[in-house]
Amino acid sequence: MTTRRDFLKGAANSGIMFCTCSLLGSAQAKSHPASQHLPVMMKGKRVRAIDAHAHCYFHESIALMDEDAKDVLPPVKGVSEMFILADDHAAVAQRLTVMDNMGIDMEVLSINPFWYQKDRDTAAAIVKIHNQKLGDLCAAYPQRFSAFASLSLQYPDLAVQELQDAVHKQGLRGAAIGSSVNREDFSDPKFHPVWAKAEELGAVLFIHPQSQPEMRKRYQGNGWLSNTIGNPLDTTIALEHLIFEGTLDTFPSLKIFAAHGGGYLGSYAARSDRSCFVSPQNCNPNIELKKKPSEYIRDIYVDGMVFTPEALKFLISQVGVNRVVLGTDYPIPWEQHPVDQVFATQLTEVERTAILSGNASEMLGIRL
């Protein structure tokens, strides 16, 4: 069996760098019930599991960040050790072993945007590296890896072309887009050409938060609050702007996938239905939404990374069982036993199969 020490040693010289340690020997792992190893079976029938929320980085693109490179990797112990090279079969095999032990057949890889403040040429170079390497990895292991492209979203005209190339040339399934672009929200009309292209291509837009820099001081202290609280809040803000500014009405077929259970929207969406009644002076009378704000959440895909069966069951009640996909945030060890979580939740076989892979297959256009 591959140990964490062996995993790190064998992955030491790479081009793909999975962005934190798995902490397979952590107290969290020891206190949790045994993981569902592959193959995952349900009453004698093989069921695939797709992790739609997993991460990686590339050395070559980080090198283009110069002095800013030090701020790219998440502040999690062991992060710099997690490397896997796309054409290094031994290193990839070790990554696959970890996936197998988690019961994961396929990871959908994404890279959190760290290049939005860079100039056009640098951003384009970073995105080119990402999309080509992700495409190569997915082509080499089509049953085990899929991926979301990177985009130079601060230059929407460039992002449109990058998205089209990523889908048509690299076979990627959409794009990871952060939660805003240099404090400009996705509802800004300047980004409409990108959303129009995504809608045309049927490409998924994966909203993965990056907290709020302006809140840095308040997030200081114990508990990694910039991530623990800040990330779900960031996603909530991004989605609310898309809803209230009418962006989702403008692009009704847009496929949105939101990380971390969709932030806090699922647990408090109904409050949004009262806002313009309570305070009409804070609402734009020229924007007439086609339905109640809370109803839009049922048009958005979310991962089920909410940590308890009770929370997962409630999330399903809010967004619909057909909108929840498996997600782990791997290699950050937020959710190390995602399949177990689904089996621990009171669901039918059909519902469990949908969350494990059926919904992700539909969202991404992947044949099982």
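1. Two strands count as paired if DSSP finds at least two bridges between them. Helices (H or I, at least four residues) and strands (E, at least two) are DSSP runs, numbered from the N terminus. In this predicted model, local features need pLDDT of at least 70, side-chain atom pairs count only at pLDDT 80 or more, and totals for chains, interfaces and linings use all residues. Residues are numbered from 1 along each chain as its sequence is written, and side-chain values use heavy atoms, leaving out hydrogens and water.

2. Strand β6 (residues 106–110) is joined to β7 by three bridges. Within β6 and β7, L109 stands opposite A147.

3. Now for a helix on the sheet. Angles run from 0 to 180 degrees between N-to-C directions, and axes are lines fitted to C-alpha atoms, for helices over the stretch in contact.

4. Next, a helix pair. The axes of α6 (residues 156–168) and α7 (residues 192–201) come within 8 Å and cross at roughly 15°. That makes α6 roughly parallel to α7 (angles under 35 degrees count as such).

5. Which residues meet here? On the α6 side they include P156, A159 and L163, and on the α7 side P193, V194 and L201 are among them.

Definitions and conventions:
Angles under 35 degrees count as roughly parallel, over 145 as roughly antiparallel, 65 to 115 as roughly perpendicular and the rest as oblique. Contact means heavy atoms within 4.5 Å.
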